[in-house]
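This briefing concerns a two-chain structure, shown below, and is arranged by topic. Please read it alongside the coordinates.

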Amino acid sequence: MNIDLHFVKEIISSVLILMGVFFMLVAAIGLLRLPDFYTRMSAITKGATLGMGLIVLGIGVYFNDPEMMFKILAILFFTIITSPVAAHAITRTAIHKKVTFWKKTNLEEFEEYLRENRLKEYAGQKKYPKEPHNSIKRADDTE
Amino acid sequence: MKTFIIHFIIAAFVVNWILVQQEWLEFTAAMSILIFLAVFSLLWLSALLYDKRYFIKIPKVVSLLFFFLKELFMANLKIAYDIMTPRYFMNPAIVALPLQASTDFEISLLSNMITLTPGSLGVDISEDRSVLYVHLLYADEGNAEKLKQELKNGFERRILEITR
């Protein structure tokens, strides 16, 4: 049997790239749709990391060059190490800046932390504004 | 760790040497990865003679890697489904995850992996480093405890097996 290797290679790489694009698209839609900052953060870190990884891998499979593959593996390694750190730093800053949670969020086990960090006035779930976008609207009004 | 770095460098040099010097092998990425894996596993087998701990740990590292990739993929599919359908199925919560990991390396590895997997986002660590706060997307009533156990048994246990 004679298989066209170039054709197989192209199919694999385009499937990988399309999957990556799909995950990136879903992450972008999630960024617009999800109810509050923290859920959006959660969707975008995973979606962007996996999407980028798959796209870059697809490129690597298409060109099939050892030097390029080495660089691609390095890119994957460093992205997987650094993107959660960025997400973590942004989320922590958001909590200290008192960005509101979604009204369904269960904060029972988190109250101790809020108390320790003098975010006490925000510790009770009821004191959060019901609409997640309130704070943003207020910021716009003052400008 | 030391043995791993030495083996890695040796394998990389062997791949480079073989692909540059020999003309009977194709100069492709797939071939170089195959040669790298072959050389690396030979070196790993040789470690049976002088470094038993390293010999035991490498399979665990590989299994952790595959487990992590699988979870990363599943997490994305789950969130994709929730985003594409009109109703939200999520019940977010912030839970306190008691930690057994104690060193900087273990904690940062654990929180990185948690941030990239099933609907969870590492938020912060308590002052005495005994609790990791995790933001979970799908923590329904009674389900939160189960998810915490999954995180502990899935990631923390595997990481501790490797580092200790």
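In this predicted model, S2(B) and S3(B) pair in the antiparallel sense over five bridges. Within that pairing, B:Leu132 of S3(B) is the bridge partner of B:Ile125. The two strands belong to an open sheet of three strands in chain B, ordered S1-S3-S2.

**The sheet of chain B and its helix**

- Pairing in the sheet S1-S3-S2 of chain B is antiparallel.
- S1 and S2 of chain B are the edge strands, each pairing on one side only.
- From one strand to the next, the twist averages 30 degrees.
- Strands of a sheet are joined in pairs by backbone hydrogen bonds, in either a parallel or an antiparallel sense.
- H4(B) lies across S2 and S3 of chain B, and its direction makes an angle of about 145 degrees with S2(B).

**Overall architecture of chain B**

- Chain B contains five helices and three strands, and from the N terminus on its elements follow the order α-α-α-β-α-β-β-α.
- The radius of gyration of chain B is 20 Å, well over the 15 Å that the globule rule gives for 164 residues, so chain B is more spread out than a compact globule.
- The C-alpha trace of chain B spans about 60 × 40 × 20 Å along its principal axes.
- Chain B is divided into domain 1, residues 2–50, and domain 2, residues 89–163.
- Between domain 1 of chain B and domain 2 of chain B, the C-alpha centres are 36 Å apart.

**Helix packing in chain B**

- Packing of two helices is described by the angle between their axes and by the distance between the axes.
- H2(B) and H3(B) pack at an angle of about 145 degrees, and their axes lie 6 Å apart.
- On the H2(B) side, the contact is made by B:Trp44, B:Ala47 and B:Leu48; on the H3(B) side, it is made by B:Tyr54, B:Phe55 and B:Ile58.
- By class, the residues of this contact between H2(B) and H3(B) are six nonpolar, no polar and no charged.

**Annotated transmembrane regions**

- For chain B, an unreviewed UniProt entry lists the feature "transmembrane region" at residues 30–50 and 62–81.
- Residues 30–50 of chain B are 100% helix and 0% strand, with end C-alpha atoms 31 Å apart.
- Residues 62–81 of chain B are likewise 100% helix and 0% strand, and here the end C-alpha atoms are 29 Å apart.
- For chain A, UniProt (unreviewed entry) places "transmembrane region" at residues 12–32, 44–63 and 69–90.
- The span 44–63 of chain A is 100% helix and 0% strand, and its end C-alpha atoms lie 28 Å apart.
- The span 69–90 of chain A is also 100% helix and 0% strand, with a separation of 31 Å between its end C-alpha atoms.

**Domains of chain A**

- Chain A is divided into domain 1, residues 1–82, and domain 2, residues 98–143.
- Five residues of domain 1 of chain A are in contact with five residues of domain 2 of chain A.
- The side of domain 1 of chain A that touches domain 2 of chain A has three nonpolar, one polar and one charged residues.

**Contact between the chains**

- The contact between the chains involves 35 residues of chain B and 36 residues of chain A.
- On chain B, the elements that each supply at least two residues to the side touching chain A are helix H2 (29–50), helix H3 (52–84), strand S1 (93–98), helix H4 (104–116), strand S2 (120–125) and strand S3 (131–136).
- H3(B) gives the most to this side of chain B, with seven residues.
- By class, the side of chain B that touches chain A has 23 nonpolar, 11 polar and one charged residues.

Key. Residues are numbered from 1 along each chain as its sequence is written. Chains are lettered from A and ligands numbered from 1 in the order in which they are written. This is a predicted model: local features need pLDDT of at least 70, side-chain atom pairs count only at pLDDT 80 or more; totals for chains, interfaces and linings use all residues. Two residues are in contact if their C-beta atoms, placed from the backbone, lie within 7 Å. Helices (H or I, at least four residues) and strands (E, at least two) are DSSP runs, numbered from the N terminus. Ala, Val, Leu, Ile, Met, Phe, Trp, Tyr, Cys and Pro count as nonpolar, Asp, Glu, Lys and Arg as charged, and the others, Gly among them, as polar. Domain bounds come from an automatic or database domain assignment. Two strands pair if DSSP finds at least two bridges between them. Axes are lines fitted to C-alpha atoms, for helices over the stretch in contact, and angles run from 0 to 180 degrees between N-to-C directions. UniProt positions are given in the numbering used here, feature names are shortened, and annotations may be inferred rather than shown by experiment. The radius of gyration is taken over C-alpha atoms; the globule rule is 2.2 Å times the number of residues to the power 0.38.
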